[in-house]
Amino acid sequence: NLFVSIFIALFILGCSKQSKIEINISGEWSYQLDSLNKGETEKWFTKSFKKTIQLPGALRDYNIGNEPDLNTKWTGSIYDSSWYFNPEMKKYQQPGNMKFPFWLTPDKHYIGKAWYQKKIQIPENWVGKDIELYLERPHWQTTVWFDNIKIGDFNSLSVPHRYVIPGHIISKGKHFLTVRVDNAINEVDPGINSHSISDHTQGNWNGIVGEMIIRNINSTHIKTIKITPDVSGN
């Protein structure tokens, strides 16, 4: 009975400590679209944005972006463009009644960079310790700033985006966390008809979905693992 009591006490204590090292950062964020790609040059990470959005979420979920029209630059190939020239299709090419047969047609569409910002509170026991930012599924290229310090870039459609904010810049109190998301095809090109980004299927949306947290991590941790197979030795 004593052993069981000690085990339960340690388990509860462990759970309580765990809950203190993670902060959920989902909720209200401010945002700003950067269709002219001037945000980094103008140091938007030092500015405050007036408009707000709920994350996890995508811009199109909140009707943010441009209304689709005949000049919209979709992500994907059109194998039969006769729709654009067929007189019978004119009624589906009018503002407010755009119906494309080869795309999902969202109410709003946006390709390019969008900036998301949130004010976060760093607890006293995190001061001087490394912090990990965990974004489960951005779509799809991200750049992160902690206050006015650029933390890095990440470009992946298949794994969470994880950033380590070094402990030497961590201080108690309020800080600004800024995440820029770009859903244009850039350095890593999965192919314009890749269903992970094309408008044929889920649509090429801009945003962050899934779990969004910051957590205190040990200053000594595994950053990369290299596996070297020994074929001859099985």
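Me: What makes Phe 3, Val 4, Phe 7 and Ile 8 a nonpolar surface patch?
Reply: These four residues make a patch of about 450 Å². Patch residues have over 30% relative accessible area and no salt bridge, and nonpolar side chains (Val, Leu, Ile, Met, Phe, Trp, Tyr) are joined within 5 Å. A salt bridge is a side-chain nitrogen of Lys or Arg within 4 Å of a carboxyl oxygen of Asp or Glu. Areas come from the Shrake-Rupley method with a 1.4 Å probe. This is a predicted model, where local features need pLDDT of at least 70, side-chain atom pairs count only at pLDDT 80 or more, and totals for chains, interfaces and linings use all residues. Numbering runs from 1 along each chain as its sequence is written, and side-chain values use heavy atoms, without hydrogens and water.

Me: Why is Ser 156 called buried?
Reply: Its relative accessibility is 12%, so Ser 156 is buried. Ser 156 lies in the loop between β10 (149–155) and β11 (161–165).

Me: How do you know what Ser 156 touches?
Reply: Contact means heavy atoms within 4.5 Å. Leaving out residues up to four places away in sequence, Ser 156 touches Trp 140 and His 161. The side chain of Ser 156 also has a polar atom 3.2 Å from the backbone nitrogen of Ser 158.

Me: Why is Arg 215 called buried?
Reply: Its relative accessible area is 17%, so Arg 215 counts as buried. Arg 215 lies in strand β13.

Me: What makes the Arg 215 and Glu 132 side chains a polar contact?
Reply: A polar contact is a pair of N or O atoms within 3.5 Å; within protein, one must be able to donate a hydrogen and the other to accept it, and residues adjacent in sequence count only if both atoms are side-chain atoms. The distance to Glu 132 is 2.6 Å. Arg 215 makes another polar contact with the side chain of Glu 22, at 3.5 Å.

Me: What makes a nonpolar core, and which residues have the most contacts inside the largest?
Reply: A core is a set of buried Ala, Val, Leu, Ile, Met, Phe, Trp, Tyr and Cys residues joined through side-chain atoms within 4.5 Å. The largest has 28 residues, and Trp 29, Tyr 116, Leu 133 and Leu 177 have the most contacts inside it. β7 gives the most to this core, with four residues.

Notes:
Patches are made of residues with over 30% relative accessible area and no salt bridge: like charges are joined within 9 Å, nonpolar side chains (Val, Leu, Ile, Met, Phe, Trp, Tyr) within 5 Å. Helices (H or I, at least four residues) and strands (E, at least two) are DSSP runs, numbered from the N terminus. Buried means under 20% relative accessible area, exposed over 50%, partly exposed in between (1.4 Å probe, protein chains only).
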